[in-house]
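Subject: Structure handover

Hi,

Here is the structure I promised to pass on to you. Have a look at it first, and then read on for what came out of the analysis.

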Amino acid sequence: MTKAGLRSKDLLGIEPLDPSEIELILDTAESMAEIGKREIKKVPALRGRMVVNLFFEASTRTRFSFETAEKWLSADTLNFAAKGTSVEKGESLLDTAKNLEAMSPDFLVIRHSSPGVPHFLASRLKTRVINAGDGAHEHPTQALLDAMTIRQRKGKFDGLKVAIVGDIAHSRVVRSNIWCLTKLNAKVTLCAPPTLMPVDIESMGVGVTSDFEEALDGADVVMMLRVQIERGGKMAFPSSREYFARYGLTRERLRLARPDAIVMHPGPMNRGVEISSEIADDADRSVILSQVANGVAVRMAILYLLAGGSPQAWQEKA
Ligand code: CP
């Protein structure tokens with residue numbers, strides 16, 4: 001990577017990034033966040049560039065924040081959802097992507113239920129590919145917006161105690177966050193029922209426990225994860241009521257964390273399953289909507305840097 005931008009043409013995951021690349025994205029996102037506070041939320045940075053948003057899985061936050069980021073940067077956008085396209089007639093993923101590439105987009109943002117799909121396309125297309133979530137593998141833009149939110153609230157990563165709690169087994173968010181936070185020297189502890197904890201995950205450099213109270217003890221950041229019903233998460237415990245009794249974040253449990261601990265959740269939330277509404281909506285502790293707002297800035301930064309923009313040039317123009 002050079003100071004001028006990111007070295008790779010694609011953003012496929014956090015694993016291949018080094019800490020200085022992560023910090024470059026976070027610094028650029030901080031300078032981009034200001035656009036959202038302007039009356040006219042538009043700058044010409046990506047004028048004449050086209051982005052295809054290719055979503056094969058449901059999404060609210062990622063899809064609409066990419067689209068917002070693209071519009072604020074003046075890019076043209078094509079939004080692709082499998083329903084209503086020739087995917088329904090059996091057209092393959094690669095044929096679909098190659099036909100869209102024939103329309104000369106500059107970026108392809110892809111979400112897919114199969115791990116590795118963004119990597120598969122990136123190796124076969126000239127277009128820049130951004131991973132918007134691939135199965136249970138990675139969700140790099142989520143981890144970056146989470147890191148931006150943590151840095152804003154805590155001012156550092158070094159030695160920060162981060163507890164990540166919930167359906168670890170099915171979560172792409174957790175894998176990207178482990179890569180991101182450990183590269184930035186935070187201390188990560190994972191907590192889940194044994195049935196939702198992958199074997200050998202401690203080899204990624206994290207602590208592991210099935211005891212929620214132990215994970216919360218002294219935590220600076222409590223990141224709750226959704227039980228992923230669509231990936232079989234609910235079959236790993238007897239009932240939602242029982243899950244909430246053991247692993248739901250309540251006011252009482254949160255007292256075990258540091259008094260200034262922040263509560264995060266990537267969304268969508270299962271209220272009353274992994275988190276109580278009282279905590280989710282607590283403006284003093286919950287930063288869940290700040291995560292969403294930062295998602296736009298992070299995605300603007302990634303599009304801008306992958307297009308070859310330099311943070312210095314951005315700041316001079318802004
Ligand atoms: N956090 C996240 O990826 O949410 P969506 O599935 O709504 O995009």
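Which domains does the domain assignment of the chain give? The assignment has domain 1 (19-138 + 295-317) and domain 2 (140-292). Please keep in mind that this is a predicted model.

On how the two domains sit relative to each other: their C-alpha centres are 26 Å apart. As for contacts between them, 30 residues of domain 1 touch 26 residues of domain 2.

The largest pocket has a volume of about 380 Å³. Its lining is made up of 21 residues, and R111, R172, R226, G267 and P268 are the closest to its centre. Sorted by class, the lining of the largest pocket holds 8 charged, 8 polar and 5 nonpolar residues.

The second largest pocket comes to about 180 Å³ in volume. What lines it? You will find M32, A33, G36, K37, W72, Q152, S290, A293, N294, V296 and A297 there. Helix 11 provides the largest share of that lining, with 5 residues. By class, the second largest pocket is lined by 6 nonpolar, 4 polar and 1 charged residues.

Where is S286 found? It belongs to the loop that runs between helix 10 (277-280) and helix 11 (288-306). Is S286 buried or exposed? S286 counts as buried because its relative accessible area is 14%, with the cut-off for buried set at under 20%.

The side chain of S286 makes two polar contacts with backbone atoms. One goes to the backbone oxygen of A280, at 2.9 Å. Another goes to the backbone nitrogen of I288, at 3.4 Å. If neighbours within four places in sequence are left aside, the residues in contact with S286 are V263, I279 and A280.

Best wishes

Terms used. Residues numbered from 1 in each chain as written. Predicted model: local features only at pLDDT ≥ 70, side-chain atom pairs only at ≥ 80, totals over all residues. Heavy atoms only, no water. Helix = DSSP H or I, 4+ residues; strand = E, 2+ residues; numbered from the N terminus. Buried < 20%, exposed > 50% of the residue type's maximum accessible area, 1.4 Å probe, protein only. Polar contact = N/O pair within 3.5 Å; in protein donor to acceptor, adjacent residues only side chain to side chain. Contact = heavy atoms within 4.5 Å. 1 Å grid on protein atoms, 1.4 Å probe; cavity = no way out; pocket = protein on both sides within 12 Å on 5 of 7 lines; lining within 4 Å. Points joined across faces, edges and corners; volume = space filled by probe spheres on them. Nonpolar A, V, L, I, M, F, W, Y, C, P; charged D, E, K, R; others polar. Domains from an automatic or database assignment.
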